[in-house]
Amino acid sequence: MQESHTTVDPSEVAKFEAMAAEWWDPKGKFKPLHMLNPCRLDYITRQIAAEFNRDLTTETPFKGLRMLDIGCGGGLLSEPIARLGATVVGADAAAGNIPVAQVHAQQSGLSIDYRHTTAEALADAGEQFDIVLNMEVVEHVADPLSYLTACQQLLKPGGLHLCSTINRNPKSFAVAILGAEYVMRWLPKGTHEWHKFITPDELFDLLTKSGVTPVDKKGFVFNPVTWQWSISDRDLSVNYVTASTKPA
């Protein structure tokens, strides 16, 4: 589905389409995301619970909430959020990711609406969501402001936008590109382009211009000794996440 109005970068889509079949292999090309996923989910679930006054100790705390996972890939985040009761739409510009996500959801007994489409197409169709999950996508689009504006348009008034990306500095080049792609070989060379990385100040400015209000930011920090990720209030030097709300 090729939309006339889109911020999709075809070369970026092709990179991830080539890796589509490996999404659910924890030792494959998406190993970094599998390692990061518990940390991401912790932040996501706590932000949703706080914003919508939900009790995470209940079985389906997100029941009644509609969430869009834009750039859903194989569904690594769509599935756990669906298990918590949310109605989930997973969208990806890479066509090859969708059948992978659909098959895995069926095998897991989950009902998730996966679509090969773009944020802009969904916004043009008038779709509305309580939550837009936008994780590690903005550094891959051709026009970040237009893309974030489409994400804002997809939010209901009072909705929550969660957006993570990679900072742009010498450390992020060393860790996210040299380390992850060349030394550890966690990702194929060329997966990321350093000049497309976005600093927290730049992202806050873009989010504000898009029409949402940034309310939080945290770092995702990898510890090479414990081989684990954690959430940091202070260290946003490489991976980081933001929460924004749309005025009611």
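The model is predicted, so local features need pLDDT of at least 70 and side-chain atom pairs count only at pLDDT 80 or more, while totals for chains, interfaces and linings use all residues. Residues are numbered from 1 along each chain as its sequence is written, and side-chain values use heavy atoms, with hydrogens and water left out.

**The sheet**

- Strands of a sheet pair through backbone hydrogen bonds, either parallel or antiparallel.
- Eight strands make up an open sheet with mixed pairing, in the order β3-β2-β1-β4-β5-β8-β6-β7; strands (E, at least two residues) and helices (H or I, at least four) are DSSP runs, numbered from the N terminus.
- At the edges lie β3 (113-116) and β7 (228-232), each of which pairs on one side only; two strands pair if DSSP finds at least two bridges between them.
- From one strand to the next, the twist averages 20 degrees.
- The pairing of β4 with β5 is parallel and runs over six bridges, and Val-132 stands opposite His-161 in β5.
- Helix α2 packs on the sheet and touches β4, β5, β6, β7 and β8 (239-245); contact means heavy atoms within 4.5 Å.
- The direction of α2 makes about 155 degrees with that of β5, where axes are lines fitted to C-alpha atoms, for helices over the stretch in contact, and angles run from 0 to 180 degrees between N-to-C directions.

**Helix α6**

- In α6 (residues 144-153), the buried residues are Tyr-147, Leu-148, Ala-150, Cys-151 and Gln-152; buried means under 20% relative accessible area, exposed over 50% and partly exposed in between, with a 1.4 Å probe and protein chains only.
- These buried residues pack against β1 (66-70), α5 (119-124), β4 (129-135), β5 (155-166) and α8 (200-210).

**Aromatic rings**

- The whole structure contains four aromatic pairs; rings of Phe, Tyr and Trp (its six-membered ring) pair if their centres lie within 6.5 Å, and planes under 30 degrees apart count as stacked, over 60 as edge-to-face and the rest as tilted.
- One of the pairs is edge-to-face: Tyr-43 and Phe-220 are 6.5 Å apart centre to centre, with 85 degrees between the planes.
- This pair links distant parts of the chain, 177 residues apart, since Tyr-43 belongs to helix α2 (residues 31-52) and Phe-220 to strand β6 (residues 213-223).
- Tyr-43 and Phe-220 are both buried.
- The pair of Phe-222 and Trp-229 is tilted because the ring centres are 5.4 Å apart and the planes stand at 50 degrees.
- Trp-229 counts as buried because its relative accessibility is 18%.
- One aromatic cluster is formed by Phe-222, Trp-227 and Trp-229.
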